[in-house]
Amino acid sequence: QVQLVESGGGSVQAGGSLRLSCAASGSVFSRHFMGWYRQAPGNERELVAEFTHGGNTKYADSAKGRFTISKDNAKNTVYLHLNSLKPEDTAVYFCTAREFDPFGARYWGQGTQVTVSS
């Protein structure tokens, strides 16, 4: 069973930075693409960044140049580095693990709140 536990959220002023962490159970990285989504009140959940085939990464346009996804295989932990934060980045951020199989399952963490004040 895949378990994902996020941490690192909080409240910051615009222009600030945060680092989100997601600790994954077992050998999740060997069978899943890891990534981050976010959901703001009244909005649908949307992709922020994720790993794809060959270790490549994909970012939402809103995240490019400001956010960076990384992972530490030895610690089974994936990170999301948030820089130059804006009030519109305020959302609950979710860690996700998607099976390599295109028809496979996607698993979610419980989410961590990021609040950016102007």
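Analyst: Strands are DSSP runs of E with at least two residues, and helices are runs of H or I with at least four residues, numbered from the N terminus. S21 lies in strand β3. The structure is a predicted model, in which local features need pLDDT of at least 70 and side-chain atom pairs count only at pLDDT 80 or more, while totals for chains, interfaces and linings use all residues. Residues are numbered from 1 along each chain as its sequence is written, and side-chain values use heavy atoms, with hydrogens and water left out.

User: Why is S21 called buried?

Analyst: Buried means under 20% relative accessible area, exposed means over 50%, and partly exposed lies in between (1.4 Å probe, protein chains only). The relative accessible area of S21 is 13%, so S21 counts as buried.

User: Which residues does S21 touch, leaving out those up to four places away in sequence?

Analyst: S21 touches V5, E6, S7, W36, T77, V78 and Y79. Contact here means heavy atoms within 4.5 Å.

User: What makes Y37 and W108 an edge-to-face pair?

Analyst: Rings of Phe, Tyr and Trp (its six-membered ring) pair if their centres lie within 6.5 Å; planes under 30 degrees apart count as stacked, over 60 as edge-to-face and the rest as tilted. The ring centres of Y37 and W108 are 5.2 Å apart and the planes stand at 80°, so the pair is edge-to-face. The two residues lie 71 residues apart in the chain, Y37 in strand β4 (residues 32-39) and W108 in strand β10 (residues 106-108).

User: What places R45 over the face of W108?

Analyst: A charge sits over a ring if NZ of Lys or CZ of Arg is within 6 Å of the ring centre and within 35 degrees of the ring normal. R45 lies over the face of W108 at 4.5 Å from the ring centre. K71 likewise lies over the face of F51, at 4.7 Å from the ring centre.

User: Which residues touch the most other members of the largest nonpolar core?

Analyst: They are M34, W36, V78, L80, L82 and Y93, in a core of 29 residues. The elements giving two or more residues to this core include β3 (18-24), β5 (46-51), β7 (67-72), β8 (77-82) and β11 (112-117). A nonpolar core is a set of buried Ala, Val, Leu, Ile, Met, Phe, Trp, Tyr and Cys residues joined through side-chain atoms within 4.5 Å. Beyond neighbours within four places in sequence, L82 is in contact with G16, S17, L18, L20, R66, F67, Y93 and V114.

User: Why are β1 and β7 said to stand at the edges of their sheet?

Analyst: Two strands pair if DSSP finds at least two bridges between them. The open sheet has 4 strands in the order β1-β3-β8-β7, with antiparallel pairing. β1 (4-7) and β7 each have a single partner strand, so one side of each is left without a neighbour in the sheet.

User: How do you know that β7 and β8 pair?

Analyst: 6 bridges join β7 to β8, and the strands run antiparallel. S70 has Y79 in β8 as its bridge partner.

User: What pairs does β9 make with β4, β10 and β11?

Analyst: β4 and β9 pair in the antiparallel sense over 8 bridges, and R38 stands opposite Y93 in β9. β9 is joined to β11 by 3 bridges, also antiparallel, with A91 opposite V114 in β11. A further antiparallel pairing over 3 bridges joins β9 to β10, where A97 stands opposite Y107. β9 and β10 form a hairpin with 6 residues between them.
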